[in-house]
Amino acid sequence: MLPIGHYLFLGLALFIIGVIGVVTRRNVIVILMSIELILNAVNINLVAFSRLYGDVAGQVFALFIIADAAAEAAVGLGIIIAFFRNRETVLEDEMDLLKW
Amino acid sequence: MLDQVIFYFFAAIAVISAILTVTRRNVVHSAIFLITALLATAGIFLQLRAEFLFIVQIILYVGGIMVLFVFVIMLVNLDVAVRQLRFARQKWVALLISLALAAQVGLMLWSTGKMPGQGVPVLAAVPADKLPLNSEAVAKSLFETYLLPFEIASVLLLVAMIGAVVMAKKRT
Amino acid sequence: MQAVTQATLEFVKQYWAPLVCGLVIVGVLPLIVGYVVLVERKIMADMQARLGPMRVGPHGLLQPIADAVKLLIKEDIIPEDADKLVFWLAPVLSVAAALLAIAGLAIGPAFQIAKDVNIGILFVVGVSAMGIFGIVLGGWASNSHYSLIGALRSSAQLVSYETAAGMALVCGLLFAGSLNITSIVQAQYDQGVWFGLLAPVAFFTYLVASIAETNRAPFDLPEAESELVAGYMTEFSGFRWSLYFLAEYTNMIVVASVATTLFLGGWLRPFPRTTWLSFIDFFPPLLMVGIGVYCLMRTPKQPVRVQQTFMLAVAGLCFAVALVLVAPMLVPAVKPLHDGILGAFWFIFKVSLYIYFFMWLRFTLPRYRFDQLMRLGWHFLIPLSIINVLLIGIAMIVGTYFHLQGWSLLLTTSPASIIALIIALFILATEQKSEPQKSSAAPDSYA
C-alpha cells in the first residue's frame with residue numbers, strides 16, 4: 001500500500017519545479033503558470049493528509065486554494081493584458097519603469 | 001496493487017509535464033503541458049478518493065483558469081517571444097537557491113520518516129468503502145464548519161473580478 | 001513489470017463490462033452521428049421544400065456511409081507553417097473530451113458505463129467542457145488568421161455561456177439534492193414531476209446556453225462559413241475535419257442528455273407517478289409500429305428492386321423494435337427488463353426531440369453578430385440565471401416550510417418563475433435602450 005511519503009515527495013517535486021520556473025523564466029505568463037504548479041503541489045499534500053486522517057477539512061482547504069488560484073490568475077492576466085497594451089512585451093526584466 | 005500502478009502512472013505524468021512546462025520555449029506548449037500536469041493531479045485526487053476535488057480541478061483549473069491562460073496567450077502576440085531568451089539572467093543563482101530549498105525540505109521529510117517508502121499507508125488508514133459520500137461530506141464541512149472562510153473566499157473572488165476588469169479595461 | 005501485468009489483469013477482471021460498453025460506444029457513435037447528420041439534412045430539405053439526399057440507398061439512407069468513406073480517403077493536408085504536434089493533438093482532444101463525457105451518462109436505469117458515480121452530472125459537464133481546448137488549440141496551430149479569430153471567438157463564447165449553463169444546472173440540482181445521475185432521476189420519480197416544469201426559466205437558460213456551447217446556429221460564430229470560412233476548421237481536411245464534426249455532434253448528444261436527465265425526467269415516462277395514465281407505456285411500441293407501417297406503404301413506390309428490399313428491411317427492423325418494446329408487458333419471463341427497455345426508449349426519444357429542436361432553430365434563425373452574442377450572454381442570460389437561482393432557492397425554502405411535495409411545489413416555484421420572467425423583460429427593455437451605440441464594439445470585441 002502507498003505510504004504518505006509518496007504523496008509528500010510528489011508534492012515536493014512539483015513545488016520545486018514550480019519554484020524553478022518562477023525564478024528562472026522571463027515570460028510573465030510562464031511565471032504565472034509556474035505559480036499554478038506550486039499551488040497544485042500544495043493541494044496534493046492537503047488531499048493526501050485529508051485521506052490519511054479521514055477528515056474532509058483538507059479537501060475543503062484545497063478548494064479554497066483553487067479559488068485563490070482563480071483569483072490570482074484573473075488579476076495576473078488582467079495586469080499582463082494592460083501591460084502588453086502599453087509596452088508590447090510580456091518579459092519580466094523589461095518591466096523596469098515605475099510609471100509609463 | 002492497482003492503486004500503486006495508478007499512482008505511479010499519474011505521478012510520472014505530472015512530474016514530466018511539469019518539467020516540460022517550465023522548460024518549453026513556446027508558451028502554448030507550456031500551457032498544454034501544464035494542462036496535462038493538472039489533469040494528472042486530478043487523477044491523483046481521484047486515486048485518493050477525493051471525487052469532488054477531482055471534478056473541481058477539471059472544471060475550475062482546466063476548464064476555467066487554463067482557458068483564460070490560453071486566451072491571453074493568443075491575445076498577446078508571441079511570435080516574437082519564441083525567438084527571445086528563454087531564461088532570465090540570474091538562472092544559475094536561482095537554480096542553486098531552488099535546489100537548496102529542495103534539499104532542506106527533503107531533509108525535513110527524511111528526518112521525520114516521511115521519505116518515499118516510509119510513513120503510514122494512506123489508503124489503508126480509512127478503507128474506501130467506509131468513506132462517507134465525498135461531495136456530501138465536502139459540502140457539509142464547507143457550509144457548516146468553514147462557512148466564514150467560504151464567505152471570505154467569495155469576497156476575494158469578487159475583488160479579483162473587479163480588479164481584473166479594471167486592469168484589462170481600455171483607458172479612453 | 002510483473003506487478004503492472006498483474007494490476008492490469010486485476011483491472012480487466014473487475015471492470016470488463018464497462019470496458020466493453022465503452023468500446024461499443026466508441027465504435028457505434030460515429031455511425032449514430034452520421035445518421036443524425038442525415039436526419040438533419042432531411043429536415044433542412046423538408047423545411048426548404050426540397051428532397052435532400054436521395055441517391056445513395058432509398059431516400060438517401062446509406063448517405064452517411066458514403067460520406068464516411070469519402071472523408072476517410074481524402075488527402076490529409078497539414079499546412080506548411082502549422083505547429084505539427086498541436087495540429088495533430090487538437091482534433092483528438094476535441095473528440096476525446098466529447099466521448100469521455102458519454103461515460104457518465106445513463107441511458108435508462110440499466111445502461112450506464114460508470115455506474116453510481118458520486119459526482120455524476122458534474123463529471124459529464126466538466127469533461128465535455130474540455131473540448132474547448134481542441135477548438136482553441138486547433139485554431140492556433142493552423143497558423144491562419146481566420147482560424148485564430150474563430151478560435152478566440154469560440155473560447156470567449158464558450159467561457160461566457162458556461163456560466164449561464166452552470167447556474168441553470170444549479171437550479172435543477174437544488175430540486176434533486178444530489179449529483180448522482182440515478183438519484184437525480186429517482187428524485188424526479190419521487191416528486192412525480194419533471195424539474196423542467198418546476199424551473200422553466202432555468203430550463204430555458206440551459207437550452208439557449210447549450211446551443212451556444214455546442215456552436216450551433218444561431219450561435220455558430222466560431223465557424224461562420226460565410227464570414228470566417230469555417231473559423232477554426234479552415235485548415236483541417238479529411239479525417240481531422242471529420243473528427244471535429246464527430247465531436248460537435250457528440251457534444252450535441254451530451255448536452256441533450258444532460259438536459260433530459262435534469263429537466264425532462266431522464267428515462268421516466270411523462271407523469272411517472274400518475275397510475276391512471278399508465279397507458280402511455282403503450283406509446284413506444286405503437287410509434288414503432290406506425291413507422292414500420294409507413295415504410296411498408298412506401299415500398300411499392302421505390303423505383304429499383306434493391307431499394308424495395310431495403311425499405312422492407314427497415315420496416316422489419318421497426319417491427320422488431322416494437323416487439324422488443326412490447327415483450328416485457330406481455331411475457332412474464334422478461335418482466336424485469338420492463339423498466340430498462342422502456343426507459344432507454346424514453347431517454348432516446350427525449351434526446352431526439354431536444355436535438356430536433358436544435359435543428360429547427362438552425363434553419364429558422366439568422367446568425368448573431370459577435371457583440372450581440374456577448375451582450376446576450378453577459379447582459380441577459382447570466383443575470384437572469386443568477387436571479388433565478390436565488391428565486392428558486394427562496395421557493396424551495398418556502399416549500400419545505402409548508403411541507404410541499406411534487407406538483408404542489410409548483411405553488412411556490414411558479415411565482416418565482418413569474419418574477420424571473422418579469423425581471424427578464426425588464427432587462428430586455430433596458431437593453432434595447434442602450435442598443436444604439438453598437439458601432440463602437442466591433443473591432444475590439446474579443447479583446
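# Close-ups of a predicted three-chain model

**View 1. Two helices of chain A lie against each other.** From helix H2 of chain A, the residues Val28(A), Ile29(A), Leu32(A), Ile35(A), Glu36(A), Leu39(A), Val42(A), Asn43(A), Leu46(A), Val47(A), Phe49(A) and Ser50(A) meet a set from helix H3 of chain A: Ala57(A), Gly58(A), Gln59(A), Phe61(A), Ala62(A), Ile65(A), Ala69(A), Glu72(A), Ala73(A), Gly76(A) and Ile80(A). Sort the residues of this contact by class and you get 16 nonpolar, five polar and two charged. Keep in mind that this is a predicted model, here and in every view below. To describe two packed helices, you give the angle between their axes and the distance between those axes. Here H2(A) covers residues 28-53 and H3(A) covers residues 57-87, and they pack at an angle of about 175° with their axes 8 Å apart. Angles over 145 degrees count as roughly antiparallel, so that is the label for H2(A) and H3(A).

**View 2. Chain B meets chain A.** Two pairs of chains touch, and the pair with the most contacts is A and B. Chain B puts 78 residues into this contact, and chain A puts in 62. Several helices of chain B supply at least two residues each to the side that touches chain A: H1 (2-23), H2 (27-47), H3 (51-75), H5 (91-111), H6 (122-125), H7 (134-145) and H8 (147-168). Which helix gives the most to that side? The answer is H3(B), with eleven residues. On chain B's side of the contact, the classes come out as 60 nonpolar, 13 polar and five charged residues. Chains A and C, on the other hand, do not touch, and their nearest C-alpha atoms are 9 Å apart.

**View 3. Two domains share chain B.** Four residues of domain 1 are in contact with four residues of domain 2 in chain B. On the domain 1 side of that contact in chain B, two residues are nonpolar, two are charged and none is polar.

**View 4. Chain C as a whole.** Chain C has 16 helices and two strands. For 447 residues, a compact globule would have a radius of gyration near 22 Å, and chain C, at 24 Å, agrees with that. Buried residues make up 40% of chain C. Among the contacts in chain C with a separation of 6 or more, 77% join residues 24 or more positions apart.

**View 5. Two loop residues of chain C with positive phi.** Most residues other than glycine have a negative phi. Ala49(C) has a phi near 60°, a positive value. Look for Ala49(C) in the loop between helix H1 (2-47) and helix H2 (63-73) of chain C. Is Ala49(C) buried or exposed? Ala49(C) has 6 C-beta neighbours inside 10 Å, so it counts as exposed. Asn215(C) also has a positive phi, near 60°. Asn215(C) is in the loop between helix H9 (200-213) and helix H10 (225-228) of chain C. With 24 C-beta neighbours inside 10 Å, Asn215(C) counts as buried.

How values were computed
Residues are numbered from 1 along each chain as its sequence is written. Chains are lettered from A and ligands numbered from 1 in the order in which they are written. This is a predicted model: local features need pLDDT of at least 70, side-chain atom pairs count only at pLDDT 80 or more; totals for chains, interfaces and linings use all residues. Two residues are in contact if their C-beta atoms, placed from the backbone, lie within 7 Å. Ala, Val, Leu, Ile, Met, Phe, Trp, Tyr, Cys and Pro count as nonpolar, Asp, Glu, Lys and Arg as charged, and the others, Gly among them, as polar. Axes are lines fitted to C-alpha atoms, for helices over the stretch in contact, and angles run from 0 to 180 degrees between N-to-C directions. Helices (H or I, at least four residues) and strands (E, at least two) are DSSP runs, numbered from the N terminus. Angles under 35 degrees count as roughly parallel, over 145 as roughly antiparallel, 65 to 115 as roughly perpendicular and the rest as oblique. The radius of gyration is taken over C-alpha atoms; the globule rule is 2.2 Å times the number of residues to the power 0.38. A residue is buried if 20 or more other C-beta atoms lie within 10 Å of its own, exposed if 12 or fewer, and partly exposed in between; C-beta atoms are placed from the backbone.
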